[in-house]
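Morning, everyone. I have one model to walk through today. Please have a look at it first.

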Amino acid sequence: MDGIQRTPAVQDLIAAVNSIRPASGTSRLTDGGVPAEGRLPDCALLIDQLRGLEDLKSAAAAAQARIAVAFDAAQRSADAAAGVPAEEQGRGVAAQVALARRESPARGSRLHGLAKALVTEMPHTLAALDTGRLNEWRATLLVKETACLSAEDRCAVDEELAADTGVFDGAGDKAIIAAARTAAYPRDPRSVTQRASHAATERHVSLRPAPDTMTYLTALLPVAQGVAVHAALSRHADALRSSGETRSRGQIMADTLVERTTGTPAGISGVEVQLVMTDRTLFQGDAEPARLPGYGIVPAAWARAMLAGNQDQTEAGQVGNEHGAPGQPGQCGDLKLWLRRLFTAPGTGELVGADSRARLFPAGLRRFIQARDDTCRTPYCDAPIRHFDHVVPWHDGGTTSLANGAGLCEACNHTKELPGWTARTSTARTSPGKRHVLDIRTPTGHTYRSTAPPLPGAGIQGTDPPDTAPPLSRHHRRRLRHQAKALKYAHLTELQAA
């Protein structure tokens with residue numbers, strides 16, 4: 001929950017929208033296809049309602065843009081009155097816009113930039129958004145394609161592409177982009193050319209999860225390099241396929257990319273992989289999934305299969321709790337892995353940590369926070385963790401502990417340090433058996449709550465242990481005590497060494 005209060009006008013609008021419902025006859029049909037509670041709703045009316053709600057969404061986006069700009073002006077005025085230097089006024093505005101719109105900080109920054117461009121430089125596009133002739137995404141495309149122009153030239157393009165001219169009637173995304181580029185280039189060809197040159201400096205490679213324990217490896221490259229890479233992979237795949245290779249063309253291209261990038265046939269010579277799982281998943285064949293930090297949830301059988309290829313290898317360190325097991329290096333086919341298994345307590349999904357008097361989080365504690373938080377703890381932000389932050393600052397007496405630690409991305413950590421931003425942990429909800437809770441308060445007084453994602457072994461509700469959890473058998477309790485004794489000293493030794 002967040003601390004946003006809805007005004008009566010907004011509540012009335014939401015109630016009005018919720019009143020637009022399909023006829024009740026659509027809820028259940030008889031065997032003959034006749035509604036059980038009434039006649040079928042009018043099809044034309046349903047389509048009219050869909051279009052009307054789409055227009056309402058566009059108008060709401062336009063209203064949000066105006067409100068965001070008004071908030072920016074009010075915040076800058078307040079900063080100026082407080083004596084904040086001109087170059088620092090308005091910092092944190094985009095982050096507050098993101099929280100209010102339930103978006104990530106990165107997207108909040110883009111939405112804030114979109115709002116300022118529409119309100120101050122592109123009135124015709126804003127008017128099209130008001131009337132529903134453009135939606136927010138297509139207005140974003142127009143703003144993006146004119147970003148390199150001066151304010152005067154951007155206004156000229158906006159006037160040329162005004163929606164009432166009919167240029168966007170029936171146009172798709174590509175047609176809108178082409179129209180914007182065509183109108184922008186003659187006005188300032190130098191800036192457009194410089195923008196294309198600057199784009200090459202933004203080349204990068206990114207990784208994001210895909211379904212079924214796969215990932216998307218994406219490279220943003222200059223067009224010549226991208227085409228050359230794809231052509232080389234295609235030629236190699238075609239050559240192998242013509243010689244009788246049974247793998248598909250796409251499989252060959254993917255395997256070749258990995259092999260040529262890493263220099264090894266399997267693609268990876270050695271990597272540490274952390275698996276967070278319950279003892280039931282490992283020892284009893286339970287179907288409860290595990291979690292792979294940096295990726296997400298993986299099937300229980302897949303996690304056990306990863307471990308099965310590492311049973312005969314030597315020990316290589318350990319991170320866990322009383323239900324933990326040491327990490328092991330191993331060989332899975334040609335893939336050499338160091339698997340670090342982190343186990344969670346039955347019913348609570350709790351990971352334990354250790355306090356430290358040092359200002360910086362030791363390596364062992366960082367691994368725990370990384371496993372617990374998974375991604376940035378700011379609400380709606382799922383960026384990778386870059387900074388391990390003291391929730392209560394160290395210089396204010398905050399401890400270097402698991403309870404007072406939070407994983408944040410770089411941008412969110414810098415935002416948290418701005419005047420008026422505070423964060424605290426809910427002590428009542430960070431006791432054993434509870435998930436870590438972080439409350440973030442913005443300069444406007446709004447509070448947003450962030451709860452650590454559930455780990456394997458947590459209850460169905462995710463926050464509290466089940467009240468009626470079945471008792472463990474005597475054999476199970478004895479085995480867990482034996483594991484705890486065997487691993488206790490190894491666990492403490494590693495944390496102390498870290």
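Predicted model: local features only at pLDDT ≥ 70, side-chain atom pairs only at ≥ 80, totals over all residues.

Numbering starts from 1 along each chain as its sequence is written, and side-chain values use heavy atoms, with hydrogens and water left out.

Overall figures. The protein has 16 helices and 12 strands. Those are DSSP runs, numbered from the N terminus: H or I of at least four residues for helices, E of at least two for strands. Of the 498 residues, 36% are buried, meaning under 20% relative accessible area with a 1.4 Å probe, protein chains only. The exposed surface comes to about 28300 Å², and carbon and sulfur atoms supply 56% of that. The area is from the Shrake-Rupley method, with a 1.4 Å probe. Now contacts, that is, heavy atoms within 4.5 Å. Take those between residues at least 6 apart in sequence: 55% join residues at least 24 apart.

Next, the sheet. It is open, with 3 strands in the order β10-β11-β12, and the pairing is antiparallel. Pairing here requires at least two DSSP bridges between two strands. Why does one side of β10 and of β12 lack a neighbour in the sheet? Because β10 (422-425) and β12 (447-451) are the edge strands, each with a single partner strand. Neighbouring strands are turned by 20° against each other on average, direction ignored.

β10 joins β11 (residues 437-441) through 4 bridges. T425 has L438 as its bridge partner, and T422 has R441. On the other pairing, β11 and β12 share 5 bridges. There V437 stands opposite T451. The hairpin of β11 and β12 has 5 residues between the strands, and G445 takes a positive phi near 90° in it. β11 is largely enclosed by the rest of the structure, because 4 of its 5 residues are buried.

Last, the helices. α6 (residues 136-145) packs on α8 (residues 173-184) at about 25°, axes 9 Å apart. So α6 is roughly parallel to α8; the cut-off for that is under 35 degrees. Axes are lines fitted to C-alpha atoms over the stretch in contact, and angles run from 0 to 180 degrees between N-to-C directions. Which residues of α6 and α8 make the contact? From α6, W137, R138, L141, L142 and E145. From α8, D173, I176, I177, A180, R181 and A184.

Methods
Buried < 20%, exposed > 50% of the residue type's maximum accessible area, 1.4 Å probe, protein only. Parallel < 35°, antiparallel > 145°, perpendicular 65-115°, else oblique.
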